[in-house]
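The following paragraphs lead through selected parts of the structure shown below. Please keep the sequence and the model in view while reading.

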Amino acid sequence: MWAELLPVGRSAASGGYRRHAWNSADAECRAWFEEQARSRGLAYELDRNGNQWAWLGDPQQDGAVVTGSHLDSVPDGGAFDGPLGVVSSFAALDELRARKAEFTKPLAIVNFGDEEGARFGVACIGSRLSAGVLSREQAYELRDADGVRLPDAMERAGYDPTAIGADDDRLSRVGAFVELHVEQGRYLTEDQPVGVASAIWPHGRWRFDFHGEANHAGTTRIEDRRDPMLTYATTVLAARKKARLAGALATFGKVAVEPNGTNAIASLIRGWLDSRASEEQVLEALVEEIRVAAAERGERDGVRVELTRESYTPVVDFDGPLRDRLAKRLGGVPILPTGAGHDAGILASAVPTAMLFVRNPSGVSHSPAEHAEEADCLAGVAALADVLEDLACQ
């Protein structure tokens, strides 16, 4: 399974992946998921939001145990973030069948669409829609860098965008959701290939618009300039300093420049901030400090600064009894928090959720250097199989 997925959407230039929502690589990944489901005799289903489901047992029965993750990527992302969870889910089912496990509850494997938010700027769109966190009206307003609306992209890919929205009935039948994911960071030790998540830090995305004045780079005096690039650059440095002092994280990883000419002073800079902290109050205070720093510098530069919050996820504490049950079943593995968002975090408001992490010796994620050793991946499959057996075969 891993070998089949590896070439899909991979850039020959960077070695990273460009599996973005509703593009051709995404379609190949979706076709792969459906083939894996059908080859195992599972009932394949596409929900109203374009998420894929593979069912063992009756989908209409209450108390279903669900596992899975996502197959899309950030721009030039790594091979493991998302796909490891989906591949491991199918492999764990194979392991349980080899053990001749007797299921007493329905089991489902899911591939949530557009988890990374690389195309439309909002993370976890598939799970957000299902949980009612993102409304149909909000989804219809989302556009990619080329101005293509989300519903239009879905329709071009052969899906019905008129059906999207909260999927309360489906989620009400889910008794537990367990997502396996490659570790993002480097916290698991040499003798601990698998861990259990305790919580997800609150996090969000904010767009800073720096409005200046376009002018000629070769003829405009320094004192006559209203250059938004200066304000943007100072804001990036301020964000790093203030995040370090707060014990939090702040990253400007995306920027758009207008008119984007080498010999032109920009008229508009758009910079996207990703920020995360251990507590919501810390995160809110940090973003406000960054906004103030940007505004103060903007006054000096003759630049107007606007701030728009594009997405926000409050702190997520995973279901305590389920988390403890997993840790006990796996023999007291480490329990650790994460600063990364996941579909499991979105669904936590609607169903009991938990996460397993597989050790990443590089500590690198969202990069082609992202990695997990085969032995650790197999340990993750075994752990997931143990957990699913405990939850679905009692």
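**Surroundings of Arg143**

Leaving aside residues up to four places away in sequence, Arg143 touches Arg119, Phe120, Val148 and Arg149, contact being heavy atoms within 4.5 Å. The model is predicted: local features need pLDDT of at least 70, side-chain atom pairs count only at pLDDT 80 or more, and totals for chains, interfaces and linings use all residues. Residues are numbered from 1 along each chain as its sequence is written, and side-chain values use heavy atoms, with hydrogens and water left out.

Arg143 lies in the loop between helix H5 (136-140) and helix H6 (150-156); helices (H or I, at least four residues) and strands (E, at least two) are DSSP runs, numbered from the N terminus. Its relative accessibility is 46%, so Arg143 counts as partly exposed (buried means under 20% relative accessible area, exposed over 50%, partly exposed in between, with a 1.4 Å probe and protein chains only). Between Arg143 and Gly121 the C-alpha to C-alpha distance is 8.2 Å, at a sequence separation of 22 residues.

An α-helix has 3.6 residues a turn, so residues three or four places apart point the same way.
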